[in-house]
Amino acid sequence: MVPTTVISSRRTAISVLVALGLVGIAMVTLGATGVAVKTVNGQPLAILEEVPGPESGPTCAVDKRYVDEDTFGMRPDVIEAWNAMRAKAKAQNITLCVNDGKRSRSQQQREFDKAVERFGSVEQAKKWALQPETSMHVKGIAVDIQPLNSAAWVDEHGGALGWCRRYDNEKWHFEYDPAYATGGCPALLPSATGN
């Protein structure tokens with residue numbers, strides 16, 4: 001007969017190993033380890049859409065009115081493309097600050113609610129903020145770049161790297177799609193809702 005303390009110790013050890021395994025799987029799935037996660041075509045990225053982005057960041061080195069958030073929570077290919085573009089900009093003495101990047105659905109809903117409060121109606125708010133189900137920030141492929149002279153550099157040079165400005169009324173909002181690097185940037189929409 002095996003003593004109770006040995007059985008209890010084995011159960012504890014197994015529980016700890018299972019928990020560590022689950023944490024490891026979660027970290028790789030969410031990209032927290034820095035390990036690139038290969039996405040599978042046809043698989044939803046719902047988990048990514050729930051990952052919150054940073055609420056803030058350190059002050060932007062070239063314009064103290066803005067912050068420079070980390071790119072945590074974005075898709076690994078987007079982070080890689082962002083780092084490549086940032087390095088190219090730096091080589092030309094341009095500093096790119098991510099004033100706003102990855103948002104979870106709840107973070108995006110707060111942004112939208114603030115816009116409704118600020119502009120007085122849902123329709124007016126939609127010109128400046130999207131609801132969570134349509135936001136590219138939630139999907140982890142959009143950044144708002146500041147200051148505006150840095151955003152202008154991206155507008156001119158980012159397309160070759162897969163980064164395109166999407167909305168005429170948001171000179172700071174850029175989205176990543178590797179197809180942009182070869183096919184060019186799509187025509188600007190008047191606003192996030194296309195109106």
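Biologist: Which residues do ring pairs link into a cluster?

Modeller: This is a predicted model, in which local features need pLDDT of at least 70, side-chain atom pairs count only at pLDDT 80 or more, and totals for chains, interfaces and linings use all residues. Residues are numbered from 1 along each chain as its sequence is written, and side-chain values use heavy atoms, with hydrogens and water left out. Rings of Phe, Tyr and Trp (its six-membered ring) pair if their centres lie within 6.5 Å. The cluster linked by ring pairs consists of Trp82, Trp163 and Tyr176.

Biologist: Is the pair of Trp82 and Trp163 stacked or edge-to-face?

Modeller: Planes under 30 degrees apart count as stacked, over 60 as edge-to-face and the rest as tilted. The structure holds three aromatic pairs. In the pair of Trp82 and Trp163, the ring centres are 6.0 Å apart and the planes stand at 80 degrees, so this pair is edge-to-face.

Biologist: Are Trp82 and Trp163 buried or exposed?

Modeller: Trp82 belongs to helix α3 (residues 76–91) and Trp163 to strand β3 (residues 163–165), so their pair ties together parts 81 residues apart in sequence. Helices (H or I, at least four residues) and strands (E, at least two) are DSSP runs numbered from the N terminus. Buried means under 20% relative accessible area, exposed over 50% and partly exposed in between (1.4 Å probe, protein chains only). Both Trp82 and Trp163 are buried.

Biologist: Which residue forms a stacked aromatic pair with Phe119?

Modeller: The stacked pair has its centres 6.1 Å apart, with 20 degrees between the planes. Phe119 is partly exposed, at 31% relative accessibility.

Biologist: Which residues of α4 are exposed on its other side, away from the buried ones?

Modeller: Helix α4 (residues 105–119) buries Gln107, Gln108, Phe112 and Ala115. These four cover an arc of only 140 degrees around the axis (taken from the directions of the C-beta atoms), which puts them on the same side of α4. Their cover includes α5 (122–125) and α6 (136–139), contact meaning heavy atoms within 4.5 Å. On the other side, the exposed residues are Lys114 and Glu117.

Biologist: Which residue follows α4 with a positive phi?

Modeller: Helix α4 has 15 residues and reaches 21 Å from its first C-alpha to its last, close to the 21 Å expected. The expected span is 1.5 Å times one less than the number of residues. After the helix, phi is positive, near 90 degrees, at Gly120.

Biologist: Which elements do the buried residues of α7 pack against?

Modeller: In helix α7 (residues 148–157), Ser150, Ala151, Trp153 and Val154 are buried. Their arc is only 150 degrees around the axis, which places them on the same side of α7. Asn149 and Glu156 are exposed on the other side. The buried residues pack against α3, β2, β3 and β4.

Biologist: How many of the five residues of β2 are buried?

Modeller: In a regular strand the side chains alternate between the two faces of the sheet. In strand β2 (residues 142–146), Ala142, Asp144 and Gln146 lie on one side, Val143 and Ile145 on the other, and both faces are covered. The number of buried residues in β2 is five.
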